[in-house]
Amino acid sequence: VKDLGTDSEQRCDYPDFTKKVCQSVQENSNSRGVLICGSGIGMCISANKFKDIRCALCHDYYTALVARQKYDCNVLAVGSQVIGQGVIQEIAEVFLNTLSLIHISEPTRLLSISYAVFCLKKK
């Protein structure tokens, strides 16, 4: 586990920390990242701009499970002002410990998701 976050409760620019986490995940394709901010929305949007990053904003056990199993998400975003610390811990545990099944059940889905992002950037 590598902590790339802030050591302060002072306001900070979340894209700086999103970048650190996403670059770390890009360097090791088997790794995963967890982003925590107020709502999780801004970090999720920011993370999904990085090549090969598939970030999901999750609010419960089920969305974290599906993010890993069906979409092979490699970065998790959660909002600490939206859900409690216990739920965040449960979501992080399922996200970090769930294997992706996308290559078995939907082998073209990951390619389709990546292609859709590419097409959106081309416009």
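Two strands pair if DSSP finds at least two bridges between them; strands (E, at least two residues) and helices (H or I, at least four) are DSSP runs numbered from the N terminus. In β3, the residue bridged to C37 is G79. This is a predicted model, in which local features need pLDDT of at least 70 and side-chain atom pairs count only at pLDDT 80 or more, while totals for chains, interfaces and linings use all residues. Residues are numbered from 1 along each chain as its sequence is written, and side-chain values use heavy atoms, with hydrogens and water left out.

**Sheet**

- Three strands form an open sheet in the order β1-β3-β2, with parallel pairing.
- β1 and β2 (55-57) are the edge strands, each pairing on one side only.
- Five bridges join β1 to β3 (residues 75-79) in the parallel sense.

**Largest pocket**

- The volume of the largest pocket is about 1,100 Å³.
- Lining it are 32 residues, of which G5, V34, L35, I36 and M43 are the closest to its centre.
- A pocket here is an open set of points on a 1 Å grid over the protein atoms alone, where a 1.4 Å probe fits and protein lies on both sides within 12 Å along at least five of seven lines; lining residues have an atom within 4 Å of a point.
- Grid points are joined across faces, edges and corners, and the volume is the space filled by probe spheres set on the points.
- At least two lining residues come from each of α1 (14-27), β1 (33-37) and α4 (85-97).
- α1 contributes the most to this lining, with six residues.
- By type, the lining holds 14 nonpolar residues (Ala, Val, Leu, Ile, Met, Phe, Trp, Tyr, Cys and Pro), seven charged (Asp, Glu, Lys and Arg) and eleven polar (the others, Gly among them).

**Aromatic rings**

- R68 sits over the face of F95, 5.9 Å from the ring centre; the criterion is NZ of Lys or CZ of Arg within 6 Å of the ring centre and within 35 degrees of the ring normal.

**Backbone**

- Most residues other than glycine have a negative phi.
- D52, in the loop between α2 (41-47) and β2, has a positive phi near 65°.
- D72 also has a positive phi, of about 50°, and lies in the loop between α3 (61-69) and β3.
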